[in-house]
Amino acid sequence: MSPLLIEDQGTVRVLTMNRPEKHNALNTALTQGLLSALREADGQPGIHAVVLTGAGKSFCAGADIGEFSALTPQDPQAVLARADLTTELHLVFSQMSKPVISAVRGNALGGGAGLAIACDLAVMSETVRFGYPELKHGIVAAVVMANLVRQVGRKQAFELVALAEPLDGAGARALGLCNRVVPDDQVLEQALELARTLASWSPLAMAATKRSFHRAADLALGPALQVGRDANVMMRGFRQEKGGAA
């Protein structure tokens with residue numbers, strides 16, 4: 001059974017993590033498959049948006065603890081390779097020109113919570129269990145902290161990783177960690193609706209929007225305005241070439 005299912009619905013590609021018996025926990029095969037599939041979708045001219053979801057009852061329960069326990073200090077190269085792979089996966093969303101929407105229900109914990117908010121937009125169910133329980137298992141919410149601390153205030157981010165208490169959909173929305181909260185059976189359709197809207201825009205304009213957004217997000221005001229200025233000049237030139245208004 002493939003750990004990742006790929007389905008195209010017009011210009012929207014749906015990626016479904018497919019380890020339902022493990023609540024879609026991220027082993028190496030699923031992590032590598034997801035990274036490769038995201039990069040492939042980004043390179044496909046006919047795909048304009050991506051939806052990421054999980055099969056079964058959960059979005060993603062985080063790292064596959066059973067596999068991680070096999071990565072011992074006696075094999076440092078394997079430990080480093082797995083850490084690098086995880087880091088690349090959480091980074092790829094911001095490197096893509098195509099928007100990615102997460103459809104999140106059931107468990108979205110640890111690395112799964114990280115994936116949910118690494119996407120450009122997130123739709124969560126009312127009953128989602130979103131959180132970072134790593135400390136309960138004597139480990140650290142490591143790579144996933146980078147996106148979390150950029151999306152909520154420091155006090156809220158530290159509370160999530162330090163108290164290890166999960167949020168429901170309303171709690172996640174209150175902290176700005178998702179865009180929509182809907183009943184469980186509407187999560188995927190709401191994500192697809194958002195994806196279809198985003199997919200209808202100019203791919204060039206969408207790519208420039210994502211690139212400018214992520215460049216400006218962590219800059220001071222002056223440099224961020226220069227990013228916007230560069231995008232403004234580029235898009236005006238493009239519209240003139242296409243015969244549009246300047």
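Is Thr 16 buried or exposed? In this predicted model, Thr 16 turns out to be buried, since its relative accessible area is 16% and the cut-off for that label is under 20%. Thr 16 sits in strand 2, which covers residues 12–17. Leaving aside residues up to four places away in sequence, its contacts are Pro 3, Leu 4 and Leu 5, plus Thr 53, Gly 54 and Ala 55.

Strand 6 runs parallel to strand 4 (residues 100–104), and four bridges join the two. Here Ala 122 of strand 6 has Ser 102 opposite it. Strand 6 also pairs with strand 8 (residues 180–182), again in parallel, through three bridges. Met 124 has Val 181 of strand 8 as its bridge partner.

As for the helices, helix 1 (residues 28–42) packs against helix 3 (residues 76–95) at an angle of about 30°, with 10 Å between their axes. That angle makes the two helices roughly parallel, and helix 1 passes helix 3 in a left-handed crossing. On the helix 1 side, the residues that meet helix 3 are Thr 28, Thr 31, Gln 32, Leu 34, Leu 35, Leu 38, Arg 39 and Asp 42. Helix 3 brings Arg 82, Leu 85, Glu 88, Leu 89, Val 92, Phe 93 and Gln 95 to the contact. Sorted by class, this contact comes out as seven nonpolar, four polar and four charged residues.

Notes
Residues are numbered from 1 along each chain as its sequence is written. This is a predicted model: local features need pLDDT of at least 70, side-chain atom pairs count only at pLDDT 80 or more; totals for chains, interfaces and linings use all residues. Side-chain values use heavy atoms; hydrogens and water are left out. Axes are lines fitted to C-alpha atoms, for helices over the stretch in contact, and angles run from 0 to 180 degrees between N-to-C directions. Angles under 35 degrees count as roughly parallel, over 145 as roughly antiparallel, 65 to 115 as roughly perpendicular and the rest as oblique. A crossing is left-handed if the near helix is turned anticlockwise from the far one by less than a right angle, and right-handed if clockwise. Contact means heavy atoms within 4.5 Å. Ala, Val, Leu, Ile, Met, Phe, Trp, Tyr, Cys and Pro count as nonpolar, Asp, Glu, Lys and Arg as charged, and the others, Gly among them, as polar. Buried means under 20% relative accessible area, exposed over 50%, partly exposed in between (1.4 Å probe, protein chains only). Two strands pair if DSSP finds at least two bridges between them.
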